[in-house]
Amino acid sequence: MTAQEPLLELRGVMARLRAECPWKREQTHRSLLRYLLEEAYETVEAVESGDPEPDPDHLREELGDLLLQVYFHAAVAAERDAFDIDDVARGITEKMVRRNPHVFGPEAGVGGVDGEQPQDAAAVNEAWEAIKAREKSERTDPADGVPPTLPALLYADKLVDRLTRAGRPVHVEPDADALGERLLALVVEARADGVDPEQELRDAVRRRLTSSSGPSPS
């Protein structure tokens, strides 16, 4: 294995670990879930801890830990003849080409919205959602494919988006008595303003922690 083939080298390392390490040999897709979540959140932390940009060495390390989890799951699946890391890479490559005809050409996908190629980020997102909707045409419930285990704000954000696209916009009263309804109203407001409510709240909390970490008044 050469230094020019790091992904192949990682594949070999993972295969050897599965064969020779008792702990790694016992792991399953289910037992690995906690580590996948931990590494994903540690990657988020690495990005958010930067000011204004993340520390490249820290982010590189966390992305490596996250990549290991992908290889780990692929190795487990390969042992069961389900799929391997090449199938994972091939599948996401085909999806990216298919859903980005504005980059790879209309013949690679199913075209943009109304056959027009998108010219800006908002139009690209609309085209992506249109292509995805066609691919998932068997889904009749807007909640299909949205994991209910997502953080609550992100879950609400995605469902509001799905319902709006399905012609069922969410109407809530911002001054409702129930706290949940008021929170949902803020999610609807955030979507209308093109703002990510999950990230906005995380940023607000981080700013508050930063501002409160100074010296105590004498």
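Helices here are DSSP runs of H or I with at least four residues, numbered from the N terminus. This is a predicted model, in which local features need pLDDT of at least 70 and side-chain atom pairs count only at pLDDT 80 or more, while totals for chains, interfaces and linings use all residues. Residues are numbered from 1 along each chain as its sequence is written, and side-chain values use heavy atoms, with hydrogens and water left out.

Within helix 8, the buried residues are Leu153, Ala156, Asp157, Leu159, Val160, Asp161, Arg162 and Leu163; buried means under 20% relative accessible area, exposed means over 50%, and partly exposed lies in between, with a 1.4 Å probe and protein chains only. These buried residues of helix 8 pack against helix 7 (121-135), helix 9 (179-192) and helix 10 (197-211), where contact means heavy atoms within 4.5 Å. After helix 8 comes Gly167, which has a positive phi near 80°.

How many salt bridges does the structure hold? There are 14 salt bridges, each being a side-chain nitrogen of Lys or Arg within 4 Å of a carboxyl oxygen of Asp or Glu. The table lists some of them.

| Salt bridge | N to O distance |
|---|---|
| Arg11 and Asp84 | 3.5 Å |
| Arg11 and Asp86 | 2.8 Å |
| Asp161 and Arg165 | 3.1 Å |

Arg11 forms a salt bridge with Asp84, and this pair links distant parts of the chain, with Arg11 in helix 1 and Asp84 in the loop between helix 4 (56-79) and helix 5 (85-99), 73 residues apart. Arg11 also meets Asp86 in a salt bridge, a pair that again links distant parts of the chain, Asp86 lying in helix 5, 75 residues apart from Arg11. Arg11 counts as partly exposed because its relative accessibility is 29%, and Asp86 is likewise partly exposed, at 37%.

The pair Asp161 and Arg165 lies within helix 8, four residues apart, about one turn of the helix. Asp161 is buried because its relative accessible area is 14%, whereas Arg165, at 36%, is partly exposed. Salt bridges that share partners join Glu126, Asp157, Asp161, Arg165 and Arg191 into one network.

Glu62, in helix 4, is buried, with a relative accessible area of 8%. Leaving aside neighbours within four places in sequence, Glu62 is in contact with Glu39, Glu42, Thr43 and Ala46. Glu62 and Arg191 are 129 residues apart in sequence, and their C-alpha atoms are 30 Å apart in space.

On the surface, Leu7, Leu67, Val70, Phe83 and Val88 form a nonpolar patch with about 370 Å² of accessible area together. Such a patch is made of residues with over 30% relative accessible area and no salt bridge, its nonpolar side chains (Val, Leu, Ile, Met, Phe, Trp, Tyr) being joined within 5 Å, and accessible areas come from the Shrake-Rupley method with a 1.4 Å probe. Leu7 is found in helix 1 (residues 6-20) and counts as exposed because its relative accessibility is 51%.

Notes: Patch = residues over 30% accessible without salt bridge, like charges linked within 9 Å, V, L, I, M, F, W, Y side chains within 5 Å. Helix = DSSP H or I, 4+ residues; strand = E, 2+ residues; numbered from the N terminus.
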